[in-house]
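Hi,

Here is the structure I promised to pass along. Please have it open while you read the notes under it.

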Amino acid sequence: MTLSVSVKFPMKILIVLFLVAVSASGFAQSGPAYGSTEIQVWTAGGHSVPGGTSRTGIFDAGLRYGWILSDAHGPAFLKGRFEYAVDAVPLYLIFQPANVAYGVGLNPLNLKWNFVARGRVSPYMELSGGTLFTTHDVPTRTSTVNFTPSAAFGVHLLRERFAWTIEARYLHISNAGLDRGNPGLNTFEVHLGVGKFRK
(Lines give C-alpha, C1' and ligand atoms only; values in the text may rest on other atoms or scores of the structure.)
Protein backbone atom coordinates (compact mmCIF):
# COMPACT_ATOMS: atom_id res chain seq x y z
CA MET A 1 0.00 0.00 0.00
CA THR A 2 2.84 2.40 0.87
CA LEU A 3 4.48 1.86 -2.52
CA SER A 4 1.26 2.57 -4.39
CA VAL A 5 0.64 5.82 -2.53
CA SER A 6 4.25 7.02 -2.89
CA VAL A 7 4.13 6.74 -6.69
CA LYS A 8 0.52 7.77 -7.40
CA PHE A 9 0.37 10.87 -5.15
CA PRO A 10 3.22 12.82 -6.88
CA MET A 11 1.80 11.89 -10.30
CA LYS A 12 -1.65 13.26 -9.41
CA ILE A 13 -0.07 16.56 -8.36
CA LEU A 14 2.01 16.72 -11.55
CA ILE A 15 -1.01 16.06 -13.77
CA VAL A 16 -3.09 18.76 -12.03
CA LEU A 17 -0.26 21.33 -12.33
CA PHE A 18 0.25 20.37 -15.97
CA LEU A 19 -3.43 20.86 -16.84
CA VAL A 20 -3.58 24.21 -15.03
CA ALA A 21 -0.47 25.47 -16.82
CA VAL A 22 -1.71 24.37 -20.24
CA SER A 23 -5.13 25.95 -19.80
CA ALA A 24 -3.54 29.24 -18.74
CA SER A 25 -1.35 29.57 -21.86
CA GLY A 26 -2.16 31.08 -25.23
CA PHE A 27 -1.30 29.64 -28.66
CA ALA A 28 1.62 30.84 -30.80
CA GLN A 29 4.53 28.39 -31.21
CA SER A 30 4.78 26.74 -34.63
CA GLY A 31 6.27 23.52 -33.24
CA PRO A 32 9.08 21.33 -34.61
CA ALA A 33 10.58 22.82 -37.79
CA TYR A 34 13.62 21.87 -39.86
CA GLY A 35 16.75 23.48 -38.40
CA SER A 36 15.19 24.22 -35.01
CA THR A 37 16.21 22.82 -31.63
CA GLU A 38 14.14 21.54 -28.74
CA ILE A 39 14.90 22.15 -25.08
CA GLN A 40 12.72 20.58 -22.42
CA VAL A 41 12.54 19.89 -18.70
CA TRP A 42 10.51 16.78 -17.92
CA THR A 43 9.39 14.40 -15.22
CA ALA A 44 7.80 10.96 -15.34
CA GLY A 45 6.39 8.33 -13.05
CA GLY A 46 4.95 4.88 -13.36
CA HIS A 47 4.79 1.31 -12.18
CA SER A 48 6.01 -2.14 -13.22
CA VAL A 49 3.95 -4.13 -15.73
CA PRO A 50 3.96 -7.89 -16.50
CA GLY A 51 7.02 -9.39 -18.15
CA GLY A 52 9.65 -8.75 -15.48
CA THR A 53 10.07 -7.78 -11.85
CA SER A 54 6.80 -6.82 -10.15
CA ARG A 55 5.72 -4.47 -7.33
CA THR A 56 8.12 -1.71 -8.35
CA GLY A 57 7.46 2.00 -8.91
CA ILE A 58 9.57 4.57 -10.70
CA PHE A 59 9.92 8.35 -10.71
CA ASP A 60 12.46 10.25 -12.80
CA ALA A 61 13.22 13.76 -14.05
CA GLY A 62 15.54 15.12 -16.68
CA LEU A 63 16.58 17.66 -19.27
CA ARG A 64 16.39 17.17 -23.05
CA TYR A 65 18.15 18.86 -25.94
CA GLY A 66 17.16 17.90 -29.48
CA TRP A 67 17.84 18.82 -33.11
CA ILE A 68 15.19 18.73 -35.87
CA LEU A 69 17.21 17.23 -38.74
CA SER A 70 14.73 17.05 -41.62
CA ASP A 71 11.86 18.86 -43.26
CA ALA A 72 8.44 17.20 -43.48
CA HIS A 73 8.46 13.87 -45.36
CA GLY A 74 6.17 10.88 -45.77
CA PRO A 75 2.60 10.08 -46.81
CA ALA A 76 -0.27 12.23 -45.53
CA PHE A 77 -1.06 10.65 -42.15
CA LEU A 78 2.62 9.78 -41.39
CA LYS A 79 4.12 13.04 -42.63
CA GLY A 80 6.62 14.44 -40.17
CA ARG A 81 10.14 15.54 -39.27
CA PHE A 82 13.00 13.53 -37.81
CA GLU A 83 14.59 14.64 -34.54
CA TYR A 84 17.65 13.39 -32.67
CA ALA A 85 17.82 14.21 -28.95
CA VAL A 86 19.88 13.59 -25.82
CA ASP A 87 18.47 13.30 -22.28
CA ALA A 88 20.38 13.90 -19.05
CA VAL A 89 18.51 12.25 -16.17
CA PRO A 90 19.92 13.47 -12.82
CA LEU A 91 17.10 11.96 -10.77
CA TYR A 92 15.82 8.37 -10.72
CA LEU A 93 13.86 6.97 -7.78
CA ILE A 94 13.05 3.28 -8.01
CA PHE A 95 10.68 2.04 -5.30
CA GLN A 96 11.43 -1.66 -4.80
CA PRO A 97 9.99 -3.95 -2.11
CA ALA A 98 13.48 -4.24 -0.54
CA ASN A 99 14.57 -0.59 -0.78
CA VAL A 100 14.45 2.68 -2.69
CA ALA A 101 17.24 2.98 -5.24
CA TYR A 102 18.48 6.44 -6.22
CA GLY A 103 20.11 6.86 -9.58
CA VAL A 104 21.28 8.97 -12.50
CA GLY A 105 21.06 8.23 -16.17
CA LEU A 106 22.06 9.36 -19.63
CA ASN A 107 20.04 8.67 -22.78
CA PRO A 108 22.32 9.52 -25.72
CA LEU A 109 20.04 7.90 -28.30
CA ASN A 110 16.55 9.37 -28.79
CA LEU A 111 15.13 8.89 -32.28
CA LYS A 112 11.93 10.88 -32.60
CA TRP A 113 9.40 11.31 -35.42
CA ASN A 114 7.44 14.55 -35.02
CA PHE A 115 4.22 14.31 -37.02
CA VAL A 116 3.12 17.50 -38.77
CA ALA A 117 1.27 19.72 -36.29
CA ARG A 118 -2.50 19.82 -36.50
CA GLY A 119 -3.54 23.11 -34.99
CA ARG A 120 -2.22 23.29 -31.43
CA VAL A 121 -1.30 19.60 -31.29
CA SER A 122 1.97 18.09 -32.55
CA PRO A 123 2.02 14.30 -31.98
CA TYR A 124 5.18 12.21 -32.05
CA MET A 125 6.59 8.74 -31.52
CA GLU A 126 10.03 7.86 -30.21
CA LEU A 127 12.55 5.07 -29.65
CA SER A 128 15.24 5.64 -27.02
CA GLY A 129 18.20 4.02 -25.34
CA GLY A 130 20.45 4.87 -22.44
CA THR A 131 22.18 3.81 -19.23
CA LEU A 132 21.21 3.96 -15.55
CA PHE A 133 23.50 3.93 -12.49
CA THR A 134 21.89 3.32 -9.08
CA THR A 135 22.79 3.15 -5.38
CA HIS A 136 21.18 -0.31 -5.01
CA ASP A 137 20.80 -3.25 -7.37
CA VAL A 138 17.87 -2.82 -9.79
CA PRO A 139 16.12 -5.22 -9.68
CA THR A 140 17.23 -6.43 -6.24
CA ARG A 141 20.25 -8.80 -6.25
CA THR A 142 21.22 -8.04 -9.86
CA SER A 143 23.28 -4.97 -10.85
CA THR A 144 23.72 -1.25 -10.16
CA VAL A 145 24.42 -0.65 -13.87
CA ASN A 146 21.54 -1.06 -16.31
CA PHE A 147 20.43 -0.17 -19.82
CA THR A 148 17.15 1.64 -20.50
CA PRO A 149 15.59 1.05 -23.93
CA SER A 150 12.12 2.56 -24.30
CA ALA A 151 9.35 3.45 -26.73
CA ALA A 152 6.90 6.34 -26.44
CA PHE A 153 3.96 8.05 -28.06
CA GLY A 154 3.08 11.59 -27.06
CA VAL A 155 1.86 15.04 -28.02
CA HIS A 156 3.28 18.54 -27.81
CA LEU A 157 0.63 21.13 -26.94
CA LEU A 158 1.89 24.29 -28.60
CA ARG A 159 1.36 27.49 -26.63
CA GLU A 160 2.50 31.11 -26.72
CA ARG A 161 5.73 30.78 -24.77
CA PHE A 162 6.19 27.03 -24.30
CA ALA A 163 5.38 23.63 -25.71
CA TRP A 164 3.79 21.40 -23.06
CA THR A 165 4.29 17.67 -23.51
CA ILE A 166 2.42 14.59 -22.34
CA GLU A 167 3.36 11.06 -23.35
CA ALA A 168 2.94 7.39 -22.54
CA ARG A 169 6.24 5.49 -22.33
CA TYR A 170 7.18 1.82 -22.06
CA LEU A 171 10.56 1.61 -20.30
CA HIS A 172 12.63 -1.56 -19.94
CA ILE A 173 15.45 -1.64 -17.36
CA SER A 174 17.94 -4.48 -17.76
CA ASN A 175 21.64 -5.18 -17.23
CA ALA A 176 21.85 -7.02 -20.59
CA GLY A 177 23.75 -9.94 -19.08
CA LEU A 178 26.37 -7.93 -17.14
CA ASP A 179 25.26 -9.96 -14.11
CA ARG A 180 24.10 -13.59 -13.94
CA GLY A 181 20.74 -12.46 -12.63
CA ASN A 182 18.82 -10.47 -15.24
CA PRO A 183 15.04 -10.64 -14.65
CA GLY A 184 14.60 -7.10 -16.02
CA LEU A 185 12.06 -4.47 -15.06
CA ASN A 186 9.30 -3.37 -17.42
CA THR A 187 7.44 -0.17 -16.55
CA PHE A 188 4.69 2.01 -17.98
CA GLU A 189 5.28 5.71 -17.37
CA VAL A 190 3.33 8.92 -17.82
CA HIS A 191 5.71 11.67 -18.86
CA LEU A 192 5.04 15.42 -18.50
CA GLY A 193 7.32 18.14 -19.85
CA VAL A 194 7.65 21.83 -20.63
CA GLY A 195 10.00 23.32 -23.19
CA LYS A 196 10.22 25.12 -26.49
CA PHE A 197 11.28 24.77 -30.10
CA ARG A 198 13.54 27.54 -31.32
CA LYS A 199 15.44 28.43 -34.48
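Predicted model: local features only at pLDDT ≥ 70, side-chain atom pairs only at ≥ 80, totals over all residues.

Residues are numbered from 1 along each chain as its sequence is written, and side-chain values use heavy atoms, with hydrogens and water left out.

The pLDDT (the predictor's confidence in each residue, from 0 to 100) averages 89 over the protein, and 85% of the residues score at least 70. Residues 1–6 stay under 50, and the model gives them 7 contacts (heavy atoms within 4.5 Å) beyond four places in sequence. Residues 24–28 are also below 50, with 11 contacts beyond near neighbours in sequence.

Now the strands (DSSP runs of E, at least two residues, numbered from the N terminus). Strand 1 (residues 37–48) is largely enclosed by the rest of the structure, because 9 of its 12 residues are buried, meaning under 20% relative accessible area with a 1.4 Å probe, protein chains only. Strand 1 pairs (at least two DSSP bridges between two strands) with strand 2 in the antiparallel sense over 11 bridges; there, V41 has L63 as its bridge partner. Strand 1 also runs antiparallel to strand 9 (residues 185–198), joined by 12 bridges, and T43 stands opposite L192.

Strand 2 (residues 57–68) holds W67, which is partly exposed at a relative accessible area of 34%, that class lying between buried and exposed, the latter being over 50%.

Enjoy exploring!

Key
Helix = DSSP H or I, 4+ residues; strand = E, 2+ residues; numbered from the N terminus.
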